[in-house]
Amino acid sequence: MEEAGSLLAHVFDELEPHIRPGVSTLTLSLLAEKIISEGGGVAAEKGYAGYPAAICASVNEVLVHGIPSAKTILKDGDVVSLDIVVKKNGYHADACRTYLVGIGNEEKEKFIAVTRQAFFEGLKMVKEGNHLGDVSAAIQSYVEGHGYSLTREFSGHGIGREMHEDPSILNVGEKGTGPLLKEGMALAIEPMVLMGSPAVRTLKDGWTTVSKDGKITAHYENTVIVTKDGANVITLQDKERKVHE
Ligand code: MF3
Ligand code: CO
């Protein structure tokens, strides 16, 4: 799984310089697919439950499962989440990053940073003997404390030979509840955050899920292996490791 994870981190490193005004989400998807196959992996979202593309690329009000398209051209100020799953050696790694396209915007940058930090707040609770609800509660109190909201319709998940395994990892919950964490468990922890109300709806394509109020959304995810005294985050980019170790 670590090999799948480091290939996925490498995919984000390679994609980042291309996330600019004028590029289509289809271009990013094709590039991701190429990097994954050059690295000996497979873009596991393609064909998963009939999903039609190699990655999910969700722009602005699209919370999850945005289908890459030549018609979706990134522009200044867009908030784009790239959610990618690599399968290698029979095992999966799943991660998502959210980027602000082009020129800066303090409000959007803060929103993206809080979404990212929500993952790390949850991560602090990951170690053998803690409850899964400790992770969920940490994410919820951090995000809601900043005045944003979390979807109840989607959650993180166990991961391994399958992309989605037990348990579901809700982004809201109570401390001290849920399954006990045990060394060797593999978890995809993924705060999906809305700037406005948590209500979402799915478009007619059956995938694209948007905020009902049209406000922007963000998503940050890593695959994490539980250890005796903490966690091994297998999808972190090197530049992120420097900040968090
Ligand atoms: N990567 C998503 C997740 O975080 C799953 C995407 S669904 C798919 O669980 F159909 F696109 F694969
Ligand atoms: Co996931």
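**Entry 1: starting at glutamate 183.** I began with glutamate 183, which has a relative accessible area of 45% and is therefore partly exposed. For my own scale, buried is under 20% relative accessible area, exposed is over 50%, and partly exposed is in between, with a 1.4 Å probe and protein chains only. Before going on, I noted that this is a predicted model, where local features need pLDDT of at least 70 and side-chain atom pairs count only at pLDDT 80 or more, while totals for chains, interfaces and linings use all residues. Side-chain values use heavy atoms, without hydrogens and water, residues are numbered from 1 along each chain as its sequence is written, and chains are lettered from A and ligands numbered from 1 in the order in which they are written.

**Entry 2: lysine 228 and its partners.** Which side chain meets glutamate 183 in a salt bridge? I found lysine 228, at 3.3 Å from N to O; a salt bridge here is a side-chain nitrogen of Lys or Arg within 4 Å of a carboxyl oxygen of Asp or Glu. Glutamate 183 sits in the loop between strand 8 (165-169) and strand 9 (186-189), and lysine 228 in the loop between strand 14 and strand 15, so their pairing ties together parts 45 residues apart in sequence. I am using DSSP runs for these elements, numbered from the N terminus: helices are H or I with at least four residues, strands are E with at least two.

Lysine 228 also forms a salt bridge with glutamate 128, at 2.9 Å from N to O. This one links distant parts of the chain, 100 residues apart: glutamate 128 is in the loop between helix 3 (106-123) and helix 4 (132-145), and lysine 228 in the loop between strand 14 (222-226) and strand 15 (231-233). Glutamate 128 has 28% relative accessibility, so I filed it as partly exposed.

**Entry 3: other salt bridges.** I count eleven salt bridges in the structure. In one of them, the closest N and O atoms of lysine 239 and glutamate 16 are 2.5 Å apart. Lysine 239 belongs to helix 5 (residues 238-244) and glutamate 16 to the loop between helix 1 (2-15) and helix 2 (25-38), so the pair joins parts that are 223 residues apart in sequence. Lysine 239 is partly exposed at 46% relative accessibility. I also noted a salt-bridge network linking Arg97, Arg116 and Glu240.

**Entry 4: strand 4.** Is strand 4 mostly covered or mostly open? Nine of the ten residues in strand 4 (residues 79-88) are buried. I then listed the pairings, where two strands pair if DSSP finds at least two bridges between them:

- Strand 1 (residues 42-43) runs antiparallel to strand 4 and is joined to it by two bridges, with alanine 43 opposite valine 86.
- Strand 2 (residues 56-59) is antiparallel to strand 4 too, with four bridges; alanine 57 has leucine 82 as its bridge partner.
- Strand 5 (residues 91-100) pairs with strand 4 in the antiparallel sense over ten bridges, and valine 86 partners alanine 93 there.

Strands 4 and 5 make a hairpin with two residues between them, and asparagine 89 in the turn has a positive phi of about 55°.

**Entry 5: aspartate 94.** Next I looked at aspartate 94, in strand 5. What is the nearest side chain of opposite charge to aspartate 94? I got arginine 97, 8.6 Å away, and aspartate 94 is buried with no salt bridge; Lys and Arg count as positive, Asp and Glu as negative, with His and the chain ends not counted. The aspartate 94 side chain does have a polar contact of 3.0 Å with that of histidine 157. A polar contact is a pair of N or O atoms within 3.5 Å; within protein, one must be able to donate a hydrogen and the other to accept it, and residues adjacent in sequence count only if both atoms are side-chain atoms.

**Entry 6: ligand 1.** Of the 14 residues around ligand 1, I found Glu45, Asp83, His157, His164 and Glu190 coming nearest; a residue qualifies if one of its heavy atoms lies within 4 Å. I logged these distances from an oxygen atom of ligand 1 to a side-chain N or O atom:

- Histidine 164: 2.7 Å.
- Glutamate 190: 2.9 Å.
- Aspartate 94: 3.1 Å.

**Entry 7: histidine 164.** Histidine 164 counts as partly exposed, at 41% relative accessibility.
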